[in-house]
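Trainee: I'm new to this one and would like to learn how to read it. Could you walk me through it, a feature at a time?

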Amino acid sequence: MATASSLFLASSPISTAPRTRAGSFPHSTQPSLRLRPRPSPAVVAAVQAEHQPAVAAAPKPPALPFRVGHGFDLHRLEPNLPLIIGGINIPHDRGCEAHSDGDVLLHCVVDAILGALGLPDIGQIFPDSDPRWKGADSSVFMREAVKLMHEAGYELGNLDATLILQKPKLSPFKETIRSNLCELLGADPSVVNLKAKTHEKVDSLGENRSIAAHTVVLLMRK
């Protein structure tokens, strides 16, 4: 079962690369799709090291045979910022305004796992008021959520995620995103599903001013 200390952040500062602003992409140039660099072992180790209390310890959840969690996240899109989805840098002239790297999918998946475990949300465990998470790679948050899942005695049954954005079209990138998500979760591709929807040009999502994601996870007792 997850220990209280595994919910808290490392007391020592963590160096994370600040988010860099990028220019818009010319129509004549199609940037190559690429994975984001993995965080250094020191960053991951620091998250899992001895922690300072940041949130109250959650009560010990009952040993259920399975648990279900739902995650939701939304970020505003702004010009000349990188658009990171599922750890993949997607070519676009806008990106997510956020304290960390603004990865709406990974944030959503983390919240779904934490919710299934009955734990505080990502904003409490990794608060945006903490300068250590400025520009942080969201794979750090994912690895901590997966660690908590295993410590609680669960493994991923299946995951279903839906991205909602008007632009860009994600069809060319979906399998790369899903593959990276599977790697972060340590899951077989058969249990990880990813869908993408437009918002039919309605409200901020449909007007290309924001991006959102929903995720549902089923955790099974080992």
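Mentor: Let's begin with burial: buried means under 20% relative accessible area, exposed over 50%, and partly exposed in between (1.4 Å probe, protein chains only). In helix α4, the buried residues are Ser 139, Val 140, Phe 141, Met 142, Glu 144, Ala 145, Val 146, Lys 147, Leu 148 and Met 149. Helices (H or I, at least four residues) and strands (E, at least two) are DSSP runs, numbered from the N terminus. This is a predicted model, where local features need pLDDT of at least 70 and side-chain atom pairs count only at pLDDT 80 or more, while totals for chains, interfaces and linings use all residues. Residues are numbered from 1 along each chain as its sequence is written, and side-chain values use heavy atoms, with hydrogens and water left out.

Trainee: How many of the residues of α4 are buried?

Mentor: 10 of the 13, so α4 is largely enclosed by the rest of the structure. Across the protein, buried residues make up 49% of the 222 residues.

Trainee: What span does α4 have from its first C-alpha to its last?

Mentor: The expected span of a helix is 1.5 Å times one less than its number of residues. Helix α4 (residues 139-151) reaches 18 Å, close to the 18 Å expected. After α4 comes Gly 153, with a positive phi near 90 degrees.

Trainee: How do I read two helices packed together?

Mentor: You describe them by the angle between their axes and the distance between the axes. Axes are lines fitted to C-alpha atoms, for helices over the stretch in contact, and angles run from 0 to 180 degrees between N-to-C directions. Here α2 (residues 104-116) and α5 (residues 174-185) pack at about 40 degrees, with axes 12 Å apart. On α2 the contact (heavy atoms within 4.5 Å) is made by Leu 105, Leu 106, Val 109 and Ile 113, and on α5 by Ile 177, Leu 181, Leu 184 and Leu 185.

Trainee: Which strand holds Thr 215, and is Thr 215 buried or exposed?

Mentor: Thr 215 sits in strand β10 (residues 210-221), and is buried, with a relative accessible area of 0%. Not counting residues up to four places away in sequence, Thr 215 touches several others, including Leu 105 and Val 109.

Trainee: And where is Asn 158 found?

Mentor: In strand β8 (residues 154-164). Asn 158 is partly exposed, at 35% relative accessible area. Leaving aside neighbours within four places in sequence, Asn 158 is in contact with Val 191, Val 216, Val 217 and Leu 218.
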